[in-house]
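This report concerns one part of a protein model. Please keep the sequence and the structure in view while reading.

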Amino acid sequence: MGVDADARVPTATRARARRDRRVLTKTTTMQTMKTRAPALGATTRGGRRSAASKTMRSTSRGSEASRRRAIANDAVLDATSAVNAREALKAFPRVESFAHGPTPLEYLPRLSEKLNGVRVYAKRDDAYGVLTGGNKTRKLEYLMAEALAVGATMVMTQGATQSNHARQTAAACAKLGLKCHVLLEDRTGREDENYTRNGNVLLDDLFGATREYRPGDQGLNMNEELERVADEFRAKGEKVYTIVGGGSCPRGALGYVRAAHELLDQAREMDIEFDHLVHATGSAGTQAGLAVGLHSVDSSLPLLGFGVRAPQPTQEANVHALALATCAELGIRPIERSKIVADTNYVGDGYGIPTSQTIDAIRLFASTEGVLLDPVYSGKAGAGLIDYCARGVFKPGDRVCFLHTGGATSLHGYLDSFSS
């Protein structure tokens, strides 16, 4: 199913991780100095070529002194790029009241012991913020700020029946005093009450959201359907702000640009040099944001998304397209296609249908660390992590950060999956 994962995951080195930390240190220095180096080849106001351009020409003549100056100038440019990306992010309005602060980055010793000595850390975005936790809250900080700015009276979004995104959107609307209406698509074919009324659906009700259902076997474009229904509400006088599935648009992805910066800062403060960063990838926003965040500060930390729905070529193409749009939103250089890597070998029979590996992963995380994964996203990413450790893709001693995207509230809709 797609390209062999073993061949596609790059091997990080300690030297490369140290380089990432040097870039972040240089970023801090640049912020203190408040200086900016001209871009390579840029023309100054007086019409002269920049010092960087001159350095590049002298380097080509083989001067050792010029070569050293070019290396130093490149370092300054890298640091300047990091400063610019962080400053650009601050320009976008954000609902800060959703957050409690940075999520914990914690070592999982008992799980690591079970995984052949691979040192596993969890970035606990399942505990992010006041909207019952999960990765979608980071996106909603930026999206709901935009909804408030345009004077919305209602927010609409769409997702699967047990959508974590719909649940967190409903909670955000309750907190901000906005109406919420969601379209839920049947992607599993299940009709039992435990699945259709419990878990996230029950929480949607408690948060005051109204909802409609759509079949999953009629080829509906759910984002187009969302706009069609929104127009009906607009005709009744509501000012509707619509959010695409998963909040996966350039504005929403900014939440994970910020998360990538947060993670790198925490790793530096804790003196951790990660070899891999892994997470679940579905609607593309989390992976696109993380990739852009790492790219924006010139980090070479390898990022891997374990897919939950689409085939590998489609998933990577979707993520890269959104990552490019997010770069444009921030005004930074485009991200290379090679930085987007997904493994979809753990999807199983389809979206929202847990495999035996998914259930095993949920049980292992819970029984060793008291950490709850979900059957749709983090459980499948956990299955991928466990398999990579068992097969030696991740080596003993490697430091792997597992970004936990949340979703445990949906466990209550999957009682039958744990009956054995």
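## Basis of the model

The model is predicted: local features need pLDDT of at least 70, side-chain atom pairs count only at pLDDT 80 or more, and totals for chains, interfaces and linings use all residues. Residues are numbered from 1 along each chain as its sequence is written, and side-chain values use heavy atoms, with hydrogens and water left out.

## Helix 7

Helix 7 comprises 13 residues, 164–176; helices (H or I, at least four residues) and strands (E, at least two) are DSSP runs numbered from the N terminus. From first to last C-alpha the helix reaches 18 Å, close to the 18 Å expected at 1.5 Å a residue, where the expected span is 1.5 Å times one less than the number of residues. At its start, a side-chain oxygen of S163 comes to within 3.3 Å of the backbone nitrogen of H165. Just after the helix, G177 adopts a positive phi of about 75°.

Because 10 of its 13 residues are buried, helix 7 is largely enclosed by the rest of the structure. Buried means under 20% relative accessible area, exposed over 50%, and partly exposed in between (1.4 Å probe, protein chains only). Among the buried residues are N164, H165, R167 and C173. The elements covering them include helix 6 (136–149), strand 3 (154–160), strand 4 (179–185), helix 9 (200–206) and strand 6 (240–243).

The whole structure contains 0 disulfides, a disulfide being a pair of cysteine sulfur atoms within 2.5 Å. For C173, the nearest cysteine sulfur is that of C180, 4.1 Å away. C173 is buried at a relative accessible area of 1%, and C180 is buried at 5%.

Strand 3 pairs with strand 6 over 4 bridges and is joined to strand 4 by 7 bridges. M156 stands opposite T242 in strand 6, and its bridge partner in strand 4 is H181. Strand 4 is mostly covered, with 6 of its 7 residues buried.

## The surroundings of Q158

Q158 belongs to strand 3 and is buried, with a relative accessible area of 5%. Its side chain makes a polar contact with the side chain of N223 at 2.9 Å. A polar contact is a pair of N or O atoms within 3.5 Å; within protein, one must be able to donate a hydrogen and the other to accept it, and residues adjacent in sequence count only if both atoms are side-chain atoms.

Neighbours within four places in sequence aside, the residues in contact (heavy atoms within 4.5 Å) with Q158 include H165, L183, R187, L226 and I243.

Note on methods: Pairing = 2+ DSSP bridges.
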